[in-house]
Amino acid sequence: MKLPSHLTVRDSRLHLGGVDCVSLAEEYGTPLYVTDLDRVTGNFRRFHAALAAHYPDVQVLFAAKANGNLAVIRALAAEGAGADVFSPGELELAIRAGMKPERLLFNGSSKSRADLALAVEKGVRVSVDSLDELHQLDAVAGEAGKTAEIAFRVNPALEVPTHPKIATGLATSKFGIPAQEIIGAYREALACEHIEPVGIHCHIGSQILEVEPFARSAEVMVRVAKEVTDLGVHLEFLDIGGGLGIPYHHDTDPAPTPADYAAAVMPVFLKGIRECGIDPALWVEPGRWLVGDSSVLLTRVNSVKKAHKTFVNVDAGFNLLIRPAMYDSYHEVLVADRADLPADGTYTVAGPICETGDILAHDRALPTPKAGDVIAVLDAGAYGYAMSSQYNSRPRCAEVAVSNGKHALMRRAETLDDVTAAMETPAWKE
Ligand SMILES: *Cc1c(COP(=O)(O)O)cnc(C)c1O
């Protein structure tokens with residue numbers, strides 16, 4: 001199997017960022033997420049540089065939902081990243097990580113008044129998803145004696161090649177305002193006393209392994225930009241969202257690079273803004289591409305069972321990595337202690353959760369796993385820990401950061417006390 005440069009095999013053992021994964025599993029226990037922070041910053045630099053080679057005013061906003069660990073967000077903040085935030089929690093985390101409010105965009109199709117008030121208070125721009133929300137934000141900003149700067153989330157009504165659960169720009173999606181209604185929305189925004197429209201925003205979906213859909217959505221965006229500009233809006237930014245996929249099947253998936261992405265999108269963007277006579281910042285919101293390949297999930301084999309298949313029962317399941325169960329996602333798996341040995345059988349890696357669907361990897365060729373081995377699930381850095389749960393009353397595992405041969409905890413493991421910490425037993429009074 002092809003491995004990216006931050007994953008290496010030495011003395012048959014898998015190393016991430018120069019650190020032996022089997023030793024990490026011994027030292028910190030399993031299950032364990034391990035993240036190479038240098039890979040995260042390297043990915044950020046590659047993404048930014050690919051776009052900046054075409055246009056100077058590029059802002060990369062990390063989609064914070066992909067990985068909510070402060071150490072990861074801090075590493076990106078130090079590189080100059082902003083963030084696409086989807087909740088008050090993500091907004092606060094981004095600010096705590098050192099990101100400037102003007103580099104954030106508060107997104108979401110269902111924001112509460114309190115959410116809107118927080119964005120106004122912190123001076124974070126809002127991507128508005130409906131006219132109802134627009135008028136609520138106008139009122140909230142008015143109460144605070146401020147002006148809220150906004151973009152509208154455009155629904156470009158595009159079919160994209162990805163799993164239907166992560167296609168967000170379909171005509172039928174819950175996200176955004178249909179492209180044909182968007183001008184009316186800007187007109188209404190201009191009439192609001194405490195709103196200033198300054199951008200337009202879209203995001204067509206996730207794990208897209210072709211660049212052509214991004215060029216099509218950029219076309220919709222510059223068309224909208226032209227109409228909005230003609231209406232008298234001064235556009236400070238065009239935000240074309242995230243969604244570039246990563247090759248989870250290392251040997252067979254296409255692996256479009258940020259340079260490929262930029263080559264598809266930038267000519268459309270540059271021609272479009274020239275025709276509008278404007279020079280807005282270009283904002284992009286990669287999540288998965290920045291962090292996906294930076295992490296492995298290490299999980300220990302509890303037992304091996306020969307049934308209609310051979311099951312390798314491990315100590316991590318969809319409580320810690322839900323993508324296979326939720327999206328039928330594929331992750332490469334390796335036996336970390338014998339990473340370069342030839343396969344001698346076909347194995348299904350199953351988690352400890354009481355659900356039939358708790359399978360991390362189906363029918364994989366591996367060198368015979370046995371109890372005590374460490375299995376590494378690759379490319380677990382995006383929507384991995386971030387989507388974990390305490391299902392089956394399992395405390396979440398620890399997360400370790402590695403960097404150039406060093407390692408340190410970036411989140412301790414939860415304990416059963418963490419699981420019960422917020423619980424109360426009602427003491428009913430008659
Ligand atoms: C999830 C999301 C992203 C990031 O998507 P990736 O596929 O991880 O790049 C960007 N923008 C918005 C609005 C999102 O909801």
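**Ligand site and overall fold of the predicted model**

The ligand sits in the largest pocket, a pocket being an open set of points on a 1 Å grid over the protein atoms alone, with protein on both sides within 12 Å along at least five of seven lines, and a molecule being assigned to a pocket if more than half of its atoms lie within 2 Å of its grid points. The model is a predicted one, in which local features need pLDDT of at least 70 and side-chain atom pairs count only at pLDDT 80 or more, while totals for chains, interfaces and linings use all residues. Residues are numbered from 1 along each chain as its sequence is written, and side-chain values use heavy atoms, with hydrogens and water left out.

The ligand is surrounded by 17 residues, the closest being Lys65, Ser206, Glu285, Arg288 and Tyr383, where a residue is near if one of its heavy atoms lies within 4 Å. This shell comprises four nonpolar, eight polar and five charged residues, with Asp, Glu, Lys and Arg counted as charged, Ala, Val, Leu, Ile, Met, Phe, Trp, Tyr, Cys and Pro as nonpolar, and the others, Gly among them, as polar. A polar side-chain atom of Ser206 lies 2.4 Å from an oxygen atom of the ligand, and one of Lys65 is placed 2.8 Å from a ligand oxygen atom. For Asp84, an N or O atom of the side chain is 3.2 Å from a nitrogen atom of the ligand. Of the 390 Å² that the ligand exposes when taken alone, the protein buries 96%, as calculated by the Shrake-Rupley method with a 1.4 Å probe.

The protein chain contains 12 helices and 21 strands, defined as DSSP runs of H or I with at least four residues and of E with at least two, respectively. The peptide bond from Thr30 to Pro31 is cis, with omega near -10 degrees, and Pro31 belongs to the loop between helix H1 (21-28) and strand E4 (32-36).

Key
A polar contact is a pair of N or O atoms within 3.5 Å; within protein, one must be able to donate a hydrogen and the other to accept it, and residues adjacent in sequence count only if both atoms are side-chain atoms. On a 1 Å grid over the protein atoms alone, a cavity is a set of points where a 1.4 Å probe fits but cannot get out, and a pocket is an open set with protein on both sides within 12 Å along at least five of seven lines; lining residues have an atom within 4 Å of a point.
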